[in-house]
Amino acid sequence: MTKAHSLRLSEKGLKFIKTHTDYYPEVRLSPEGVPLIGYSHAGREVKVADVDELKISEEKASALLEDDLKPVEHLVNLLVRIRLKQCQYDALIDYVWTVGVQRFHKSELLKALNAGQFLRAAELIRSSTLAGRESEAMLRGRREAEAKLFNGAWQTQGTKGEE
């Protein structure tokens, strides 16, 4: 499989992810009981026993987030065989980070992307929710924002969509 590109998450993409991910300076448990800190970091150093003790700064949480996203970036660069715009890549990084690499690897979204079907890809992002979950409404909003970012239309404080 030939790599079509080797993009990196942009500052705008990182800001997008932070905008849609709560920052917690202290350990909290996910709905599945996994201890998390910062921007949903679940590394080995985060333990249930640390719930009342471990705290991190936003700066450290950002660094952990960037490290957590590197394997996602690698996978997207490896699996997507067509050229992407930066905004499309940034949207995919957020999407894959939240749905998981295995789900993306087997997805209709990946097939649509590699077939150059960008409109279908944006619609697949928009419609991808985990039905029946408590956070479905929140997830629907995130998916809508990812689709807008994918299409270059997501805006944040004073910026206009790019690409």
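1. In this predicted model, the buried residues of helix α1 pack against α2 (58-79), α3 and α7. Helix α1 itself spans residues 11-19, and its buried positions are Lys12, Gly13, Leu14, Phe16 and Ile17.

2. Two of those partners, helix α3 (residues 86-99) and helix α7 (residues 136-150), also pack against one another, with their axes 7 Å apart and at an angle of about 155 degrees. Because angles over 145 degrees count as roughly antiparallel, α3 is described as roughly antiparallel to α7.

3. On the α3 side, this contact is made by Cys87, Gln88, Asp90, Ala91, Leu92, Asp94, Tyr95, Trp97, Thr98 and Val99, while α7 contributes Arg142, Arg143, Glu146, Leu149 and Phe150.

4. A separate point concerns Asn114, which is placed in helix α5 (residues 108-114). Its relative accessibility is 18%, and because buried means under 20%, Asn114 counts as buried.

5. Leaving aside residues up to four places away in sequence, Asn114 touches Leu79, Val80, Arg81 and Ile82. With one of these, Arg81, there is a polar contact as well, since a polar atom of the Asn114 side chain lies 2.6 Å from the backbone nitrogen of Arg81. The C-alpha atom of Asn114 is separated by 9.2 Å from that of Arg83, a residue 31 places away along the chain.

Methods
Residues are numbered from 1 along each chain as its sequence is written. This is a predicted model: local features need pLDDT of at least 70, side-chain atom pairs count only at pLDDT 80 or more; totals for chains, interfaces and linings use all residues. Side-chain values use heavy atoms; hydrogens and water are left out. Helices (H or I, at least four residues) and strands (E, at least two) are DSSP runs, numbered from the N terminus. Buried means under 20% relative accessible area, exposed over 50%, partly exposed in between (1.4 Å probe, protein chains only). Contact means heavy atoms within 4.5 Å. A polar contact is a pair of N or O atoms within 3.5 Å; within protein, one must be able to donate a hydrogen and the other to accept it, and residues adjacent in sequence count only if both atoms are side-chain atoms. Axes are lines fitted to C-alpha atoms, for helices over the stretch in contact, and angles run from 0 to 180 degrees between N-to-C directions. Angles under 35 degrees count as roughly parallel, over 145 as roughly antiparallel, 65 to 115 as roughly perpendicular and the rest as oblique.
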